[in-house]
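Please read these notes with the model open beside you. Each point takes up one part of the fold.

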Amino acid sequence: MILVINPGATSTKFAVYDGETVCFKQTVEHSAADIGCFVHLADQHQYRLDLILGELKLKGIERTELTAVVARGGLLKPLAGGTYRINDEMVADLEEAKYGEHASNLGAIMAKELADSLGVPSYIVDPVSVDEMEAVARISGLPELARVSLSHALNMKAVARKVAKEMGKAYESVNFIVVHLGTGVSVTPHRRGRMIDVNNAKEEGPFSPDRCGGLPATHLMKLCYSGQYTFAEMKEKLGSKGGMFAYLGTTDVREAFALADAGDEKAKLVLEALSYQVAKEIGAMAAVLEGDVDRIVLTGGIAYSERIVDAITRRVKFIAPLVVVPGEEELEALAFGALRVLRGEESAREY
C-alpha cells in the first residue's frame with residue numbers, strides 16, 4: 001500500500017492506494033486557529049502527520065502495511081520532471097524554505113519522516129519547480145530577470161499522460177498545449193514529454209481568480225514607487241488579491257457568472273477577458289510548437305465551467321482539437337508516479 005500526502009494552505013489531502021486502486025481518499029481542513037500557533041510553516045509537519053496517522057488507524061490501516069510514502073513536492077531548485085527520492089538535502093531546503101515558503105513544502109518532510117521510521121522508500125513527483133524550459137524561453141528582455149519555470153506541473157503532466165494514453169500513444173510521442181485553470185493559470189507547451197516553456201503562474205500570462213498575471217511594466221513600477229503600498233502589500237495585491245478578485249470581489253467563477261447574469265456589465269467583461277487572455281496564451285504556445293499541436297488540453301477546477309471552456313474553445317479551435325479533463329488528479333498522479341518507480345518502469349531521480 002502507498003500513502004499519498006498532498007498538503008495545502010488550509011487542508012491536507014491524503015489517500016492510500018493498493019496498486020492503482022484507491023482504498024480511500026480524505027481531506028482534513030485546518031482552521032486558522034489550528035495552524036495559527038505555528039511560527040514557521042515547517043513546524044506544522046508533526047501536527048499534520050499525526051492527523052493522517054490517526055485517520056489511517058480509524059480506517060483500520062496499520063502503518064506497517066505501507067510499502068512507500070509519496071508526497072507533493074514543494075518549492076525546490078529547478079528540476080527535470082519525474083519521480084525523486086526524498087533525501088536529506090531536499091528536506092533541508094524545504095525546512096529552510098530556501099526557494100520560497102509554501103504549504104506543499106511540508107509534503108516531503110512528512111513523507112520522509114514516516115517512511116524512514118518504517119524502512120520504506122519515500123518520493124515526490126513532478127514538483128512545481130519542474131524546469132524543462134529551452135534556453136531561448138529563459139530570455140526575458142532584461143538580463144537581470146531570467147524567466148523561471150514554476151507551474152502546476154504535477155496535474156498537467158498527469159493529465160497529459162492520461163490523454164496520450166487515451167489516444168493510444170506515449171506521452172513522449174505527442175505535442176500538447178496543457179492549460180491548468182485553477183487559482184493560478186498555467187499554460188504549457190509539452191513537446192515529446194517535456195514542458196519546454198511555461199508562463200510562471202505567479203507573475204506572467206493570463207490573470208486568474210486571484211493573481212494578476214502579466215502586467216504593464218512601467219505602470220507597475222510607478223505603482224510600486226507611489227508610496228501607497230509597502231512591499232508586503234504589493235506582494236499580496238499581486239499574488240492573492242489581484243485578478244478577478246480585484247475587479248469583482250470574488251474568486252469564485254460561479255459567483256462571477258451570477259453577477260454577469262444579473263446584468264453586471266463589469267462581470268461580463270472580466271469573465272470575457274479571462275477566457276480571452278487564456279486563449280491568447282494558448283496561441284503563443286502554439287507558436288512555440290511551430291503549429292505542430294496534437295491536442296489542447298484544459299484541466300483544473302475552472303474547466304468545470306462550460307461557459308469558460310466554450311469561450312476559450314471558440315478562439316483556439318483552429319489550432320488543434322480540444323480535450324477537457326476538469327478538476328485535478330494530483331493524488332492519483334503522485335501514487336502512479338511512485339508506482340512507475342516501484343514497478344521498474346521508471347528510475348527514481350536523485351535531488
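1. Start with residue classes. Ala, Val, Leu, Ile, Met, Phe, Trp, Tyr, Cys and Pro count as nonpolar, Asp, Glu, Lys and Arg as charged, and the others, Gly among them, as polar. By these classes, the lining of the second largest pocket has seven nonpolar, no polar and 12 charged residues.

2. A word on the source. This is a predicted model, where local features need pLDDT of at least 70 and side-chain atom pairs count only at pLDDT 80 or more, while totals for chains, interfaces and linings use all residues. Residues are numbered from 1 along each chain as its sequence is written, and side-chain values use heavy atoms, with hydrogens and water left out.

3. The second largest pocket has a volume of about 530 Å³. It is lined by 19 residues, and the closest to its centre are R161, K162, K165, F336 and R340. The elements that give two or more residues to this lining are α5 and α12 (330-342). Of these, α5 gives the most, with six residues. Helices here are DSSP runs of H or I with at least four residues, strands are runs of E with at least two, and both are numbered from the N terminus. Pockets and cavities are found on a 1 Å grid over the protein atoms alone: a cavity is a set of points where a 1.4 Å probe fits but cannot get out, and a pocket is an open set with protein on both sides within 12 Å along at least five of seven lines. Lining residues have an atom within 4 Å of a point. Grid points are joined across faces, edges and corners, and a volume is the space filled by probe spheres set on the points.

4. Now α5 itself. Buried means under 20% relative accessible area, exposed over 50%, and partly exposed in between (1.4 Å probe, protein chains only). Among the buried ones are M156, V159 and V163. After α5 comes G168, with a positive phi near 75°.

5. How many cavities of 30 Å³ or more are there? The count comes to one. The largest cavity holds about 70 Å³ of space. Its lining includes D126, A153, L154 and E330. By class, that lining has five nonpolar, three polar and three charged residues.

6. At 2% relative accessibility, D126 is buried.

7. Compare A97, in the loop between α3 and α4. A97 also has a positive phi, about 55°, without being a glycine. At 22% relative accessibility, A97 counts as partly exposed.

8. Which residues of helix α3 (residues 88-96) are buried? They are M90, V91, D93 and L94. These sit on the same side of α3, because they cover an arc of only 160° around the axis, taken from the directions from the helix axis to the C-beta atoms. On the other side, D88 and E96 are exposed.

9. Last, I302 lies in the loop between β10 (295-300) and α11 (306-316). I302 is buried, at 10% relative accessible area. Its contacts (heavy atoms within 4.5 Å) include L181, P209 and V253, not counting residues up to four places away in sequence.
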